[in-house]
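Please open the model in a viewer and keep the sequence panel beside it. The stops below are given in the order in which they may be selected.

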Amino acid sequence: MADTSDTRTPAQIEADIKRRREVLAETLDEIGVRVHPRTIVGDAKAKVVANVDHTLGRVYVQVNRVVSDVKAQFVDETGSPRLERVVPVAVVAVGLVGLLVLGTRRRKG
């Protein structure tokens, strides 16, 4: 059988009850804040923003790598352009722009 004798005084019991009520009131206030619609929406927005920031950071790193790789194709270690690669790309770019201009003129005329 369990021992049900309590050696606390009534004042101690009242003080314990008062402390427990304060803790419970604090907990209920916290729950009220957590389940408030504004808090829920704010938390959801924060999660979305964190995910978007994380995704954008990963995209930035990937784009930075690609740009560095492309740059390495057209620039040597000293920073000067590699003409053997730059000239053919420039010729192709000028050719494409020329074709686009001719195609646009033919449609208008």
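In which helix does I31 lie? Select I31: the residue lies in helix α1. Helices are DSSP runs of H or I with at least four residues, strands are runs of E with at least two, and both are numbered from the N terminus. I31 is partly exposed, because its relative accessible area is 42%; buried means under 20%, exposed over 50%, and partly exposed in between, with a 1.4 Å probe and protein chains only.

Before the tour continues, two conventions apply. Residues are numbered from 1 along each chain as its sequence is written, and side-chain values use heavy atoms, with hydrogens and water left out. This is a predicted model, in which local features need pLDDT of at least 70 and side-chain atom pairs count only at pLDDT 80 or more, while totals for chains, interfaces and linings use all residues.

**The nonpolar patch**

Together, L28, I31, V35 and I40 make up a nonpolar surface patch with about 380 Å² of accessible area. Patches consist of residues with over 30% relative accessible area and no salt bridge; like charges are joined within 9 Å, and nonpolar side chains (Val, Leu, Ile, Met, Phe, Trp, Tyr) within 5 Å. Accessible areas come from the Shrake-Rupley method with a 1.4 Å probe, and for residues only the protein chains shown count as cover.

**The whole chain**

The protein has 3 helices and 0 strands, in the order α-α-α along the sequence. Its radius of gyration is 36 Å, well over the 13 Å that the globule rule gives for 109 residues, so the protein is more spread out than a compact globule. That radius is taken over C-alpha atoms, and the globule rule is 2.2 Å times the number of residues to the power 0.38. The C-alpha trace spans about 100 × 45 × 30 Å along its principal axes.

Display the surface next. The accessible surface of the protein comes to about 10,100 Å², and 63% of it belongs to carbon and sulfur atoms. Of the 109 residues, 0% count as buried.

Colour by pLDDT, the predictor's confidence in each residue from 0 to 100. The mean for the protein is 90, and 94% of its residues reach 70 or more. Among the elements, α1 has the highest mean pLDDT (95) and helix α3 (residues 83–108) the lowest (88).

**The salt bridges around D16**

A salt bridge here is a side-chain nitrogen of Lys or Arg within 4 Å of a carboxyl oxygen of Asp or Glu, and the count comes to 4 salt bridges. D16 meets R8 in one of them, at 2.3 Å from N to O. D16 also pairs with R19, where the closest N and O atoms are 2.2 Å apart. Because D16 and R19 are 3 residues apart in helix α1, about one helical turn separates them. D16 is partly exposed at 26% relative accessible area, as is R8 at 37% and R19 at 48%. Shared partners join R8, D16 and R19 into one network of salt bridges.

Select D6, in the segment before α1 (10–34). D6 counts as partly exposed because its relative accessibility is 44%.

Where is R82 found? Select R82 in the loop between α2 (37–74) and α3. R82 forms a salt bridge with E77, the closest N and O atoms being 3.8 Å apart. E77 is exposed, with a relative accessible area of 74%.
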